[in-house]
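I opened the model to take notes on its contacts and its backbone. My entries follow.

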Amino acid sequence: MAKLELKGIEKRYGNMAAVSDISLEIASGELVCLLGPSGSGKSTLLRIMGGFEKPTAGSVLIDGVDVTASAPENRPTAMVFQSHALWTHMNVFENIAFGLKLRKLSRAEIARKVDAALDLVGLTGYGKRSPLRLSGGQQQRVAIARCIVLEPKILLMDEPFASLDQHLRERLREEVRNIQRELGITTVFVTHGQDEALAIADRVVVMSVGKINQVGGPADIYAQPQDKFVAGFIGAMNMIDGHVSSGVMDAAGFKVSVPLPDGEATLAVRPEKLAIAAQAGGISASAKITRIVHFGAYRTVEATTDGINRVKIHADTETVLEPGQDIFLDPVHFSVFKDGHDVFRSAAVSR
Amino acid sequence: MKIRASTIVGSIIMLVLIAYVVMPIATVFLWAFAEKWTYPALLPTEWGLKYWHTTLARADVLSALRLSLALSVTVTLLSAVICLPAAYAFARMEFVGRRTFMMSFLAINAFPRFGLIVMIATLFLSLRLVGTFWGIVLVQLLNTMLIMIWLPSAAFRGVDRRLEEAARDVGAGPVRTFIRITIPQAAPAIGAAMLLTFVSTFYETEGAWLVGAPKLRTMPMVMLQMITGQIVVQYGAVLSVLLWVPSFIALLFARRVLASNQFAKGFGA
């Protein structure tokens, strides 16, 4: 149980800033996801926490102790690498025991702890196997066991399941979530998969181009993106460019009254927040269905408004819909972005 | 089925090559096990191991064997201690002139060796190293640098950096990480390099001769003397066969590592 603090972290490679102006507090026992596209600096930030990179500026504090200058071996952190990074010249037991041996524990104690760790990740009895003879999921479980056996204060995970298939990835992240809860270990989890972040995180830190865009709970991040990047990166979002004149925004037929000065703005509506109506009404816009894709539980309807803007709508499977059909679209909930920032949110779901 | 002309020509070239390569070796082998072999006979008239016994019983052969083994072991181990960390530095660290430094090893090996060793021998003369065990070790160490730096360096580069980071992460310092993780991961290439070093040191003649002779004589020198200066051919033949074994084993082993294109990677940097 430990608190992790980042204060004004910056990392430059020559003239290029990989991360800049990062300040973040992670509470004891919290699971925080660093989420962003590749090149957003999320892995660099994680490596700074682990001590593998020295920040150009700023400091890292664990339980109030400044560890910025400490080498990885002197930090109470443990990292699970994307490539699992198991030592192939040792068997599973030796991999997990390596860190314990360095801590000069007795042979019996090491055996007990390694067995407990193997039990925890569901690999009881796999100690004598070579890591090369395990499946991808098992290898990553060993890597997790290798970390948690040392009872680190902070667990760092660098896209641990990126190389696994979808099904296994979902199962392992549930397991990681359970283990994390059980041990109450403060965890930072890097991923570029928004579904992964939303599924397991207590809080999500959305990053792009080396900066933090938004920090918040999964539901908040999804429902109330603070800027255009977050809105587009988390979940699907219809972004419709429009124009405001004398308090009314016209975006491809959607007419919304907004308290904004005249100029360009963008209307953002999630596919499930667009209702299909037979008649015009309120702020709805007319549209023509171009394509319907079935996903079992729901359908995705693609339609054009004003003949040019393509929007996506989630629709139930009962209503009769056909390509070519004329419909009206009614935004149940929407946001308006100006200069990339959230400036207006429809009252329907505002808190 | 018609046999093509190219097949026939190819076969003839092949036979000539086989004869050219295999015949001398076969002759040496036959001589080693021949007790009598007079002119018209195609094969030795009397076979036996008599000359093996007499060769191995000779005092000069035994002392040379002991010296050669001691030299090869010392040079190989010393070379490993000096070159492996250097190889790691070349593989992992970026420093000014890294490539130039790496190329300089090639340059040393391109230099006519004999000339170089004569210069060193003159230097050693004033340092009173001529005729000493450590004098030979020093001069032979020079020859091992290329293979002991280049080959492991390529292997180190092939070790996933995250394996080392994971070791640091669980609490191992840089030196322990190098010994416990990096070296075992690069073990096949390091083994091959050490074997090649051992063998090349064992057979090295110029340095050992110029610095060591006449006080210290290694196996190849004794063999040379037996082949050129003795009427009894068998002594030389027995020694040749005897000395062929270690290099053959080394080659078989090294072939596997070299074939895995790590050597090529070493040159490609």
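Predicted model: local features only at pLDDT ≥ 70, side-chain atom pairs only at ≥ 80, totals over all residues.

**Entry: the side of chain A**

I looked next at what chain A brings to chain B. β6 (77-80) and α2 (92-102) of chain A each supply at least two residues of the side that touches chain B. I sorted the residues of that side by type: 13 are nonpolar, five polar and four charged.

**Entry: the interface as a whole**

I noted the residues in the contact: 22 from chain A and 18 from chain B. The two chains bury about 1,800 Å² between them. Carbon and sulfur atoms carry 58% of that area.

I then looked for salt bridges between chain A and chain B and found a count of two. One of them pairs A:Arg47 with B:Glu165. Their closest N and O atoms are 2.6 Å apart.

**Entry: nonpolar cores**

Which residues have the most contacts inside the largest nonpolar core? I listed A:Leu45, A:Met49, A:Trp87, A:Ile96, A:Phe98 and B:Phe156. The list names residues of chain A and of chain B.

Leaving aside neighbours within four places in sequence, I found A:Ile96 in contact with A:Val114, A:Ala117, A:Leu118, A:Val142, A:Ala145, A:Arg146 and A:Val149. I also noted a second, separate core of 27 residues. A:Ile240, A:Val244, A:Met249 and A:Val258 are among its members.

**Entry: positive phi**

I checked phi in residues other than glycine. A:Asp63 has a positive value of about 55°. I placed A:Asp63 in the loop between β4 (57-62) and β5 (65-66) of chain A. A:Glu159 also has a positive phi, near 40°. I placed A:Glu159 in the loop between β7 (154-158) and α5 (166-183) of chain A.

Are these two residues buried or partly exposed? A:Asp63 has a relative accessible area of 37%, so I logged A:Asp63 as partly exposed. A:Glu159 has a relative accessible area of 10%, so I logged A:Glu159 as buried. The cut-off for buried is under 20%.

**Entry: B:Asn143**

I moved to chain B. B:Asn143 is in helix α6 (residues 133-158). The relative accessible area of B:Asn143 is 18%, so B:Asn143 counts as buried.

Which residues does B:Asn143 contact, beyond its neighbours within four places in sequence? I found B:Arg113 and B:Glu204. With B:Glu204, I noted a polar contact of 3.4 Å between the side chains.

**Entry: A:His341**

I finished on chain A. A:His341 sits in strand β21 (residues 341-345). Its relative accessibility is 48%, so A:His341 counts as partly exposed. The cut-off for exposed is over 50%.

I looked up what A:His341 touches, not counting residues up to four places away in sequence. The list is A:Gln226, A:Asp227 and A:Val336. I also checked A:Phe229, which is 112 residues from A:His341 along the chain. The C-alpha atoms of A:His341 and A:Phe229 are separated by 8.8 Å.

Terms used: Residues numbered from 1 in each chain as written. Chains lettered and ligands numbered in written order. Heavy atoms only, no water. Contact = heavy atoms within 4.5 Å. Buried area = accessible area lost by both parts, 1.4 Å probe. Salt bridge = Lys/Arg side-chain N within 4 Å of Asp/Glu carboxyl O. Helix = DSSP H or I, 4+ residues; strand = E, 2+ residues; numbered from the N terminus. Nonpolar A, V, L, I, M, F, W, Y, C, P; charged D, E, K, R; others polar. Buried < 20%, exposed > 50% of the residue type's maximum accessible area, 1.4 Å probe, protein only. Polar contact = N/O pair within 3.5 Å; in protein donor to acceptor, adjacent residues only side chain to side chain. Core = buried A, V, L, I, M, F, W, Y, C linked by side-chain atoms within 4.5 Å.
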